[in-house]
Amino acid sequence: MGAGVAWALAAGLLWGLVFLSPLMLPDYPAALQTVGRYLAFGLLCLPLAWFDRHELRRLRRADWGHALELALVGNLLYYLLLASSIQRTGGPLSTVIIGTLPVVIAVVANRRDAARDGRLPWRRLLPALVLIAAGIALVNHVELQAVRADPARRVADYLLGALLAAGAVACWTWYPLRNADWLRAHPQRSARAWSTAQGLATLPLALIGYALLLAWSAWRGTGPVQPLGPRPEVFVLLMVSLGLLASWLGTLCWNAASQRLPTALAGQLIVFETLAALLYAYLWRGQWPAPTALAGIALLVAGVLWGVRARPLPAVAQAHPD
């Protein structure tokens, strides 16, 4: 249990970095950032695949199909929605909406996977969920006040950004559940090799998306086509960093956590990503969070600690007469 929590914490710290890129590259479309990040991820996985070549050869066609599904929904579609949302809301609003993931995943997983992982009784799970939800609500309250006080922001953009973030929540509710299904069904497989397999599955999708973006830009004819955008050095450095740290290493850490923790509990630990993203956002702004926001963060941590203490009850097999 302790090792699983540590792996989940590492994944959250790495995944929090993806919330910074849209703020650092406001002049880049979210679609270009998405295909750029996952193109870098896929290319980085090509040499890494050599170290896991024996494990990768063991994967069957169905396994690669599963990896392709995860790559499409959990990587490309999720980040396209998230980056689009952040560029419209400024970051913190999208972050706190994504912060509902621990509650959403825990509730869905506790109903969906009780037979496999055991059921966390609601009387044990509810206090943790209430603490997490209250913490998210406090942080959300502070950020929404800042949104209303900024005359340069348009309410319509925030509403659209909120809807896009909700779509990202749906994608990333589906992803860890489906990913955990494969990992728990293959407990002897390498978490690192499965991360690399997802990167390899992402590469052709990112290449197709990148080609379509270039073709669209050329067809529109609004100016010279810039394959790497107006700041190519910054763009390439950020994409490679995200591809290696957030995509490959973050996925590796999360896979290791998923192999060690019940899905409902692992879902709660995604709160580490929210905390890391808020920390990085405040550092980027150069300001300390308001006391109410700090109180919300404290409640988030308290909810996670409470959730870690909960233990699932094994499913009781139906008795058969002799």
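Student: Which residue forms a salt bridge with glutamate 69?
Tutor: Arginine 178 does, with the closest N and O atoms 3.0 Å apart. A salt bridge here is a side-chain nitrogen of Lys or Arg within 4 Å of a carboxyl oxygen of Asp or Glu. Keep in mind that this is a predicted model, where local features need pLDDT of at least 70, side-chain atom pairs count only at pLDDT 80 or more, and totals for chains, interfaces and linings use all residues. Residues are numbered from 1 along each chain as its sequence is written, and side-chain values use heavy atoms, leaving out hydrogens and water.

Student: Where do glutamate 69 and arginine 178 lie?
Tutor: Glutamate 69 is in helix H5 (residues 61-89) and arginine 178 in helix H10, so the pair links parts 109 residues apart in sequence. Helices are DSSP runs (H or I, at least four residues), numbered from the N terminus.

Student: How many salt bridges does the structure hold?
Tutor: Five. One of them joins arginine 192 to aspartate 52, with the closest N and O atoms 2.8 Å apart.

Student: Is aspartate 52 buried or exposed?
Tutor: Buried, because its relative accessibility is 4%. Arginine 192 is partly exposed at 36%. The cut-offs are under 20% relative accessible area for buried, over 50% for exposed and partly exposed in between (1.4 Å probe, protein chains only).

Student: Switching to packing: which residues of H10 meet H12?
Tutor: Trp172, Tyr175, Pro176, Asn179, Leu183 and Arg184, where contact means heavy atoms within 4.5 Å.

Methods
Helices (H or I, at least four residues) and strands (E, at least two) are DSSP runs, numbered from the N terminus.
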